[in-house]
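Okay, thanks for having me, everyone.

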Amino acid sequence: MSHATPLEVYRRMQEAVLREDDPTLLPAELLADDIVVETPFSPPGMRRYEGRETWLEFYASRPLPFRFEKFREIATRETADPEVLVVEYEFTGTVTTTGLAASAAFIAILRVRDGKILHWREYQDVMAITQALSLRPEDLGALEP
């Protein structure tokens with residue numbers, strides 16, 4: 001039986017994050033039961049999630065106030081390991097709580113086995129994310145409507 005490659009799974013992730021009806025960063029149907037999600041530059045206690053249900057519970061409990069509008073692929077590198085893909089990308093969109101445009105860069109290492117994401121390690125531009133999510137229009141000198 002043929003399964004989706006890491007590149008094919010990554011492409012599905014790109015489509016999922018830009019969906020208008022129900023955007024998601026890591027679609028549940030692409031996750032292995034024993035997935036490990038790591039974001040090493042996140043605050044302590046938020047750097048590692050083990051298991052599909054653990055990740056889905058965390059993700060559901062922290063809705064992002066961000067509407068993704070553009071996914072810019074900067075680099076995609078297949079590796080000698082057929083399960084592993086290294087990607088660099090940028091999300092651009094609107095912070096829904098302020099209406100401000102924002103973007104942030106990411107690098108991720110994706111391991112896919114049997115068409116499911118087994119391991120996702122993402123290095124995020126934490127400063128850009130923090131700045132985008134904490135600014136209000138008045139912080140930039142704009143008057144509130």
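Let's start with Glu83: at 19% relative accessibility, Glu83 counts as buried. Buried here means under 20% relative accessible area, exposed means over 50%, and partly exposed is in between, with a 1.4 Å probe and protein chains only.

Quick housekeeping: this is a predicted model, where local features need pLDDT of at least 70 and side-chain atom pairs count only at pLDDT 80 or more, while totals for chains, interfaces and linings use all residues. Residues are numbered from 1 along each chain as its sequence is written, and side-chain values use heavy atoms, leaving out hydrogens and water.

So which residue does Glu83 form a salt bridge with? It's Arg113, with the closest N and O atoms 2.7 Å apart. A salt bridge is a side-chain nitrogen of Lys or Arg within 4 Å of a carboxyl oxygen of Asp or Glu. Glu83 sits in the loop between E3 and strand E4 (84-95), and Arg113 in strand E5 (residues 101-113), so this pair ties together parts 30 residues apart in sequence. Helices (H or I, at least four residues) and strands (E, at least two) are DSSP runs, numbered from the N terminus. Arg113 is partly exposed, at 40%.

Next up, Arg11 and Glu73 form a salt bridge, with their closest N and O atoms 2.4 Å apart.

Across the whole structure, the search finds 10 salt bridges.
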